[in-house]
Amino acid sequence: PPAAPPGSTEAREAARRIAAAEDERLVQATLGGSADAFRHLVERYQRPVLSIIGRMVRDPALAEDLAQEVFVKAYTRLDTYQAGRRFSSWLFRLAHNRTLDHLRRRGLQEVPIEAERDGESWELPIEEPCAAPQQQTEGRELGATLEAALGDLRPEYREILVLRFAEDLSYQDIADVTGKAMNTVKVHIHRARKQRAAALAARGYDPAAP
């Protein structure tokens, strides 16, 4: 049969299966004593883990420290990972639990939204790599607006939007990561999107605009 069009649901699902199979191979190699295999796992997931944690705590330096703790814990507890389960969901659950534990200890206090990482804000990538300069500028402005709107949300709402729309996780995967019932996940996503739309509107941006 012909290959599924790039970006289609079928193509994304095929890519997920390939990635999951590679993750399991790397996990088994790590358990077999290969430090190089675990290094590859870190390289594959360092950015999404840092993104999830960073958008919850809004402190780049802290996010890097927590991410490092998550990978150390993942390494020491890798034998508890169950084959057949998505490794990404298992790893994101560790990141979720460690970050919530930190936020609870701090009473959900957060640093100002303007916090930056090496001079770069926690902006969602908007523009295409080959976009014209004007489009890139507009993309950066939109990314900053979206990021500011995310900053207005509760930490768990920020996390759930990142998991759904940046990491493309299914409702079931998000339920596995957060430990919430699937219906609760759907309700939280609905509320988070409404709150983000209100935050965008307050900044003069039409949430319904393309």
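What percentage of the contacts in the chain with a separation of 6 or more comes from residues 24 or more positions apart? The figure is 62%, where a contact means heavy atoms within 4.5 Å. Here are some notes to read alongside the model.

1. **Ground rules.** This is a predicted model, in which local features need pLDDT of at least 70 and side-chain atom pairs count only at pLDDT 80 or more, while totals for chains, interfaces and linings use all residues. Residues are numbered from 1 along each chain as its sequence is written, and side-chain values use heavy atoms, with hydrogens and water left out.

2. **Overall make-up.** The chain has eight helices and zero strands, so defined as DSSP runs numbered from the N terminus (H or I of at least four residues for helices, E of at least two for strands). Read from the N terminus, the order of elements is α-α-α-α-α-α-α-α. Of the 210 residues, 36% count as buried; that word means under 20% relative accessible area, with exposed being over 50% and partly exposed in between (1.4 Å probe, protein chains only). The accessible surface of the chain comes to about 11900 Å², and carbon and sulfur atoms hold 51% of that. These areas come from the Shrake-Rupley method with a 1.4 Å probe, and for residues only the protein chains shown count as cover.

3. **The core.** The largest nonpolar core has 44 residues. Such a core is a set of buried Ala, Val, Leu, Ile, Met, Phe, Trp, Tyr and Cys residues joined through side-chain atoms within 4.5 Å. At least two residues of this core come from each of helix 1 (9-31), helix 2 (35-57), helix 3 (60-76), helix 4 (87-105), helix 6, helix 7 (171-178) and helix 8. Helix 2 gives the most, with eleven residues. The residues with the most contacts inside the core are V49, I53, F87, W90, L91 and F92.

4. **D23 and L41.** This pair deserves a look together. D23 is found in helix 1 and is buried, with a relative accessible area of 2%. Not counting residues up to four places away in sequence, D23 touches L41, R44, Y45, F87 and S88. L41 sits in helix 2 and is buried too, at a relative accessible area of 1%. The C-alpha atoms of L41 and V27, 14 residues apart along the chain, are separated by 8.0 Å.

5. **Helix 6 against helix 8.** Two packed helices are described by the angle between their axes and the distance between the axes. The axes of helix 6 (residues 155-166) and helix 8 (residues 182-202) come within 9 Å and cross at roughly 100°. That makes helix 6 roughly perpendicular to helix 8. Axes here are lines fitted to C-alpha atoms, for helices over the stretch in contact, and angles run from 0 to 180 degrees between N-to-C directions. Angles of 65 to 115 degrees count as roughly perpendicular, under 35 as roughly parallel, over 145 as roughly antiparallel and the rest as oblique. On the helix 6 side the contact involves Y157, I160, L161, R164 and F165, while helix 8 brings V185, H188, I189, R191, A192, R193, Q195 and R196. The contact divides into seven nonpolar, two polar and four charged residues. In this scheme Ala, Val, Leu, Ile, Met, Phe, Trp, Tyr, Cys and Pro are nonpolar, Asp, Glu, Lys and Arg are charged, and the others, Gly among them, are polar.

6. **Helix 7 against helix 8.** The axes of helix 7 and helix 8 also come within 9 Å and cross at roughly 100°, so these two helices are roughly perpendicular to each other. Y171, Q172, I174, A175 and T178 in helix 7 meet M182, V185, K186 and I189 in helix 8. By class, that contact has six nonpolar, two polar and one charged residues. Y171 is partly exposed, at 29% relative accessibility, and touches R164, M182, V185, K186 and I189, not counting residues up to four places away in sequence.

7. **Backbone points to check.** Most residues other than glycine have a negative phi, and most peptide bonds are trans. R58, in the loop between helix 2 and helix 3, has a positive phi near 60° and is buried at 3% relative accessibility. D168, in the loop between helix 6 and helix 7, has a positive phi of about 60° and counts as partly exposed at 28%.
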